[in-house]
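Dear colleague,

Please find below the structure that I am handing over to you.

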Amino acid sequence: MELEKEAPMGGDPVAWPPGTSRCQTRNEEDRQEGGGSPAAAALNAEEAGASADGLWELPVEPTDRRPECSRCSRPQKVCLCPFLPVHPLHISTNLYIIQHPAEENKVLRTVPLLAACLPQDKCKVKIGRRFSEERDPELSAICRKSGTLILYPGAEAANLEEFILDSPIYPSTIIIIDGTWSQAKDIFYKNSLFRLPKQVQLKTSISSQYVIRMQPTNRCLSTLECAAVALSILEKNNYIQETLLRPLQALCSFQLQHGAQIRLSKEHLLKNGLYPKPMPKNKRKLRKMELLMKSIKI
């Protein structure tokens, strides 16, 4: 990899002659201007080198990070544990979260809150973009089981509530992809494993309560909300949905009280003529925006 040449401080950049270091060039300039002898220049260079070497011996202060709660993964000062169930919810369904690596370090992610509400052996998070039988034999075996579903909307997806009524085998596992819509699409279509389970989607009229992040449409839900609705359907227990949404509601309430703003969906902004940005020039993004506008008119 070619290293960048550092431009001198002040003035225009200088093109150094090939094979000549910057120190050599400055020494030659000093001689031409009578600014010092070669011996003095060598002594100055040696002293500068010794000073630079001394910098490595200075102690480095570690970067302070706010201590995090071991349960909800939030900074301790804004811990959300009071809004979590005292004991993990009892469920029979196995939940697998396939998380895009970009989501792992986001501050306002919802998966840690979800995992904190459920038993560890019932909620597993797998991080990555690409999965295969060689890389993850466990996930491969799960995807091949007849009782496994994957929650991803689309033309081929069955409605979850209708599917479990007609299915001869009651689902035991559900897979949910965690990421932005483009990240989730990339993971779903570039991993053949995720097209082995039965594809299902949620048919719900509820709007997302994750109001501090913009969603494409009013019907788009966060990962935690998708899991809350899906598990309440599979477990036939509405209390599960109420319990899982409680920490999300507390998170959004806290953020709004401390300067965050409600982020309306793109659908709402477009429908009411409030979308603040110009239409994208990228053909793919423009096509997505046109499809969104078309769905609103329908």
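How many aromatic pairs does the structure hold? It holds 4 aromatic pairs, where rings of Phe, Tyr and Trp (its six-membered ring) pair if their centres lie within 6.5 Å, and planes under 30 degrees apart count as stacked, over 60 as edge-to-face and the rest as tilted. Phe188 and Tyr189 form one that is edge-to-face, with 5.0 Å from centre to centre and 85 degrees between the planes.

Please note that this is a predicted model, in which local features need pLDDT of at least 70 and side-chain atom pairs count only at pLDDT 80 or more, while totals for chains, interfaces and linings use all residues. Residues are numbered from 1 along each chain as its sequence is written, and side-chain values use heavy atoms, with hydrogens and water left out.

To return to the rings, Tyr152, Phe188 and Tyr189 are linked by ring pairs into a cluster. Phe188 is buried, at a relative accessible area of 3%, whereas Tyr189 is partly exposed at 48%. Here buried means under 20% relative accessible area, exposed over 50%, and partly exposed in between (1.4 Å probe, protein chains only). Elsewhere, Arg135 lies over the face of Phe131, 4.8 Å from the ring centre; a charge sits over a ring if NZ of Lys or CZ of Arg is within 6 Å of the ring centre and within 35 degrees of the ring normal.

The sheet

An open sheet of 6 strands has the order β2-β1-β5-β3-β6-β4, with parallel pairing. Because β2 (123–127) and β4 (158–159) stand at the edges with a single partner strand each, one side of each has no neighbour in the sheet. Helices (H or I, at least four residues) and strands (E, at least two) are DSSP runs, numbered from the N terminus, and two strands pair if DSSP finds at least two bridges between them.

Strand β5 (residues 173–178) is joined to β3 (residues 148–151) by 4 bridges, and β1 pairs with β5 over 6 bridges. Ile174 in β5 stands opposite Leu95 and also opposite Leu149. In general, side chains in a regular strand alternate between the two faces of the sheet. In β5, Thr173, Ile175 and Ile177 point one way and Ile174, Ile176 and Asp178 the other, and all are buried.

Helix α7 (residues 223–234) lies across β1, β3 and β5, at about 165 degrees to β5. Axes are lines fitted to C-alpha atoms, for helices over the stretch in contact, and angles run from 0 to 180 degrees between N-to-C directions.

Finally, His100 is in the loop between β1 and α3 and is buried, with a relative accessible area of 7%. Not counting residues up to four places away in sequence, His100 touches Gly128, Arg129, Asp178, Gly179, Gln183 and Ile187, contact being heavy atoms within 4.5 Å.

With kind regards
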